[in-house]
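Visitor: Please pick one part of this model and go through it closely, with the cut-offs stated as you go. I would like the surroundings of that part as well.

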Amino acid sequence: MPAGQKEAAVALGMRPLLIYRLVILPQALRIGMPAYGNEMISMMKATSLASTITIMELTGTANTIVARTYAPYEVFISAALVYLCVAWMLSRLVRAIEARLSRHMRPAGEAQNTLRRVPAHA
């Protein structure tokens, strides 16, 4: 963050806590969110938590099912689809947070009219 932004906030009479909350932290979040999103997806794949399905648990369960059914393709394709869905949902969540943090960078009318249909003039 350029030092001039902090100086401008001080010149406006903002206190240090307000400067961090309104100036510094939003920019830091916007810069760090893509890397944090990648880290979340990597952690989802690499760690085992009791309440979530992760690679270690799902792959081990898939190996057990393959040993019982002798159907490796169906089991591992199903496991891959579960991971794909979870990773896709996490990436969409991070993308939505990034879009929310960078609203100021969009053109003026785009933020309000993204889902609205434009009527056709006959």
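Guide: Tyr70 counts as exposed because its relative accessibility is 71%; exposed means over 50% relative accessible area, buried under 20%, and partly exposed in between, with a 1.4 Å probe and protein chains only. The model is a predicted one, in which local features need pLDDT of at least 70 and side-chain atom pairs count only at pLDDT 80 or more, while totals for chains, interfaces and linings use all residues. Residues are numbered from 1 along each chain as its sequence is written, and side-chain values use heavy atoms, with hydrogens and water left out.

Tyr70 sits in the loop between helix 3 and helix 4. Helices are DSSP runs of H or I with at least four residues, strands are runs of E with at least two, and both are numbered from the N terminus. The phi of Tyr70 is near 55°, which is positive although the residue is not glycine. Most residues other than glycine have a negative phi.

Which residues of helix 4 are buried? They are Val75, Ala79, Tyr83, Ala87, Leu90 and Val94. In an α-helix there are 3.6 residues a turn, so residues three or four places apart point the same way.

Tyr73, Ile77, Leu81 and Leu84 make up a nonpolar surface patch with about 480 Å² of accessible area together. Patch members have over 30% relative accessible area and no salt bridge; like charges are joined within 9 Å and nonpolar side chains (Val, Leu, Ile, Met, Phe, Trp, Tyr) within 5 Å. A salt bridge is a side-chain nitrogen of Lys or Arg within 4 Å of a carboxyl oxygen of Asp or Glu. Areas come from the Shrake-Rupley method with a 1.4 Å probe, and for residues only the protein chains shown count as cover.

Phe76, also in helix 4, is partly exposed at 33% relative accessible area. Neighbours within four places in sequence aside, Phe76 contacts Thr59, Ala62, Asn63 and Val66; contact means heavy atoms within 4.5 Å. The C-alpha atoms of Phe76 and Ile65 are 9.6 Å apart, at a sequence distance of 11 residues.

Met33 is buried, with 10% relative accessible area, and beyond four places in sequence it is in contact with Val94, Ile97, Glu98 and Leu101. Between Met33 and Val94 there are 7.2 Å from C-alpha to C-alpha and 61 residues in sequence.

As for the whole chain, its elements run α-α-α-α from the N terminus, and of its 122 residues 16% are buried. Among contacts with a separation of 6 or more, 46% join residues 24 or more positions apart. The mean pLDDT is 80, and 80% of the residues score at least 70; pLDDT is the predictor's confidence in each residue, from 0 to 100.
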